[in-house]
Amino acid sequence: MTPRRQQILDVAAELFAARGSRGVSMHDIGTACGISGPAIYKHFAGKDELLTHTLLDISQHLLTGGRERAGDLDALIGFHIEFALTHPALIVVQEREWSQLAPEGRAAVRRLQLDYIDVWVDALRARRPELDRATARSAVQATFGLLNSTPHSARIGDSAMRELLGRMARSGLLD
């Protein structure tokens with residue numbers, strides 16, 4: 001991915017999180033990137049494609065990072081906490097803009113997300129073999145709810161928040 005394309009995705013995510021995708025124009029994104037709105041069309045066909053790629057790219061990033069840590073539940077927890085603390089806008093965009101994705105984009109993002117969940121389920125079941133897949137999946141998804149709530153949480157400082165979230169995630173998954 002080119003640096004300019006990545007910049008556009010990053011800026012768009014921040015603006016979408018702040019104002020919603022329908023409240024942001026291509027001109028707004030271009031201005032925030034230091035280019036004209038029409039220049040974005042060299043990289044993306046339109047705002048819908050930009051939103052889809054924002055969610056596809058982060059879902060692929062999570063899956064790749066998850067696979068790199070496959071089998072190590074503690075590493076997965078740390079990885080997702082780091083993501084949640086450093087990319088709160090992407091969590092907000094996923095939460096608020098999901099329904100704005102075209103069906104094909106929604107299906108592609110969902111496939112990546114389900115694969116990421118499966119990485120976690122396998123790691124959890126390695127530590128807790130008594131859990132069936134459905135129970136492990138439910139526990140993982142509940143943990144994501146906790147970790148992904150950070151954009152809405154009172155901040156106590158990143159270090160303290162990392163520790164708190166890690167302790168809570170481990171407790172929820174392993175106790």
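How are α1 and α3 oriented to each other: roughly parallel or roughly perpendicular? Their axes pack at an angle of about 95 degrees, and since angles from 65 to 115 degrees count as roughly perpendicular, α1 and α3 are therefore roughly perpendicular to each other. Keep in mind that this is a predicted model. Here's the rest, topic by topic.

**The whole chain**

- Go looking for strands and you'll find 0 of them, while the helices number 8.
- Read along the sequence, the pattern is simply α-α-α-α-α-α-α-α.
- The C-alpha trace spans about 55 × 35 × 25 Å along its principal axes.
- A compact globule with 175 residues would have a radius of gyration near 16 Å, and the protein chain has 17 Å, so the two agree.

**What the UniProt record marks**

- An unreviewed UniProt entry lists residues 2–62 as "domain: HTH tetR-type".
- Over residues 2–62, the chain is 67% helix and 0% strand, and the C-alpha atoms at the ends sit 20 Å apart.
- The unreviewed entry also places a "DNA-binding region" at residues 25–44.
- That stretch, residues 25–44, is 40% helix and 0% strand, with its end C-alpha atoms 13 Å apart.

**α1 against α3**

- The axes of α1 and α3 are 10 Å apart.

**R22, in a loop**

- R22 lies in the loop between α1 (3–19) and α2 (26–33).
- Which residues does R22 contact, leaving aside its neighbours within four places in sequence? They are K47, D48 and Q100.
- R22 and Q100 are 78 residues apart in sequence, yet their C-alpha atoms are 8.9 Å apart in space.

**α3 against α6**

- Helix α3 covers residues 47–68 and helix α6 covers residues 103–127; their axes come within 9 Å and cross at roughly 20 degrees.
- Angles under 35 degrees count as roughly parallel, so α3 and α6 are roughly parallel to each other.
- This crossing of α3 and α6 is left-handed.
- From α3, the contact uses T52, L55, L56, S59, Q60, L62, L63, G66 and R67, and from α6 it uses G105, A108, V109, L112, Q113, D115, Y116 and V119.
- By class, the α3–α6 contact has 9 nonpolar, 6 polar and 2 charged residues.

**α4 against α8**

- Helix α4 (residues 73–86) and helix α8 (residues 158–174) pack with their axes 10 Å apart, at an angle of about 135 degrees.
- What do we call that angle: roughly antiparallel or oblique? Only angles over 145 degrees count as roughly antiparallel, so α4 and α8 are oblique to each other.
- The crossing of α4 and α8 is right-handed.
- In α4, the residues that meet α8 are L73, D74, I77, I81, E82 and L85; their partners in α8 are D158, M161, R162, L165, G166, A169, R170, L173 and L174.
- The α4–α8 contact divides into 9 nonpolar, 1 polar and 5 charged residues.

Conventions
Residues numbered from 1 in each chain as written. Predicted model: local features only at pLDDT ≥ 70, side-chain atom pairs only at ≥ 80, totals over all residues. Heavy atoms only, no water. Axes fitted to C-alpha atoms, helices over the stretch in contact; angles between N-to-C directions. Helix = DSSP H or I, 4+ residues; strand = E, 2+ residues; numbered from the N terminus. Left-handed = near helix turned anticlockwise from the far one by under 90°. Contact = heavy atoms within 4.5 Å. Nonpolar A, V, L, I, M, F, W, Y, C, P; charged D, E, K, R; others polar. UniProt positions renumbered as here; feature names shortened; annotations may be inferred. Rg over C-alpha atoms; globule rule 2.2 N^0.38 Å.
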